[in-house]
Amino acid sequence: MNENSQLHTSSNLRNILLSEIGIGISANSILLLFHILKFFGGHRPKPTDLPIGLLALIHLLMLLVMVVTATDIFISWQGWDDITCKFLVYMYRVFRGLSLCTTSLLSVLQAIILSPRSSCLAKFKQKSPYHMSCALLLLSIFYMLISSHLLVSIIATPNLTLNNFMFVTQSCSILPMSYLMRSTFSTLLALREAFLISLMVLSSGYMLTLLCRHKKLSGHLHSTSLSPTASPEIRASRTILLLLSFFVLMSILDSIVSCSRTMFLDDSTFYYIQLFMVHIYATVSPFVFMSTEKHIGNLLRSMFKGIINV
């Protein structure tokens, strides 16, 4: 690929990435605003409102940090110092980790909510939001600790072109680590992701089993001419199962692109594609949540009517 083609490809990927981030910021802002207004409006909150609102806040902050980082990825300027590089990259990685933690715990919470009264999980229904907050706090502290190596390995590298440094932005790069350090942190991260994804798989399998039972029961009710209307818990479970499937798919594609980037010696095209893949979930998830909330549609319509009247 010649230089002009590379520049054209990079320009297209940059525009797609920035458009994706812009849409994600807008959607997560609307979802977060809805949950804030719902809380202060005196509406009775659902058990999943807190983690969904928290997920919207995490994605919003992650995308805002990415906007700042993108200015240094695509635009060459005076550059950042060590402190700026370390802070932005570290916070971005922490928000990504919190997104994974919250999504995993949301799936567990929904499985608890969907569980029948005869299930051993039923006793956690009243305490599950409190337990989830504690679990998220512990996982956040753990992830911040295992990501602390970034505070050492991320450095400001203006105009540095050494092959053993991995590109992050125009001003920031990752220092090469020793085999022991790299293996230790990679193992901790792999264990964390394996644990959280295992929770997703187990809770998803449990919810699928319950939904299959509900479908059979609905078929029986339909045959006896009764209305088989799905409950809000069933609809919420389907939404979360859809999100979990999408999250796992994006994680697999991200891993493939990340490996390709390593194989092709830190090629910028694969880096831009990886950035796009990483943020798809944060951009799409608020739309999926909003599609299940009729009040958001009513709120948006009233807002647009107010703007038109003004």
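Which backbone nitrogen does the side chain of aspartate 72 reach at 2.8 Å? The one belonging to serine 171. The side chain of aspartate 72 also makes a polar contact with the side chain of threonine 169, at 2.5 Å. (A polar contact is a pair of N or O atoms within 3.5 Å; within protein, one must be able to donate a hydrogen and the other to accept it, and residues adjacent in sequence count only if both atoms are side-chain atoms.) All of this comes from a predicted model, in which local features need pLDDT of at least 70 and side-chain atom pairs count only at pLDDT 80 or more, while totals for chains, interfaces and linings use all residues. Residues are numbered from 1 along each chain as its sequence is written, and side-chain values use heavy atoms, with hydrogens and water left out.

Now for the overall layout. The protein chain has 9 helices and 3 strands, where helices (H or I, at least four residues) and strands (E, at least two) are DSSP runs numbered from the N terminus. Read along the sequence, the pattern goes α-α-α-α-α-β-β-β-α-α-α-α. Of its 310 residues, 41% are buried; that label means under 20% relative accessible area, with exposed being over 50% and partly exposed in between (1.4 Å probe, protein chains only). Among contacts (heavy atoms within 4.5 Å) with a separation of 6 or more, 76% link residues 24 or more positions apart.

Back to aspartate 72, which sits in helix H2. Aspartate 72 counts as buried because its relative accessibility is 0%. H2 itself runs for 26 residues and reaches 37 Å from its first C-alpha to its last, close to the 38 Å expected at 1.5 Å a residue. (The expected span is 1.5 Å times one less than the number of residues.) H2 also has a kink of about 25°, centred on valine 68; the bend at a residue is the angle between axes fitted to the seven residues ending there and the seven starting there.

What about the greasy middle? The largest nonpolar core has 64 residues, and those with the most contacts inside it are Met66, Ile73, Ile154, Val168, Met207 and Phe289. Such a core is a set of buried Ala, Val, Leu, Ile, Met, Phe, Trp, Tyr and Cys residues joined through side-chain atoms within 4.5 Å. The largest share of this core, 16 residues, comes from H3. With 25 of its 33 residues buried, H3 is largely enclosed by the rest of the structure. As for methionine 207, its contacts beyond four places in sequence include Ser107, Gln110, Ala111 and Leu114, along with Ser237 and Ile240.

Leucine 31, in helix H1, is buried at a relative accessible area of 2%, and its C-alpha lies 6.8 Å from that of methionine 290, although they are 259 residues apart in sequence. Serine 198, in helix H6, is partly exposed at 36%; serine 104 is 94 residues away in sequence but 8.8 Å away in space, C-alpha to C-alpha.

Finally, an unreviewed UniProt entry lists several stretches as "transmembrane region", including residues 16-40 and 95-114. UniProt positions are given in the numbering used here, feature names are shortened, and annotations may be inferred rather than shown by experiment. In the model, residues 16-40 are 100% helix, with end C-alpha atoms 36 Å apart. Residues 95-114 are 100% helix too, and their end C-alpha atoms lie 28 Å apart.
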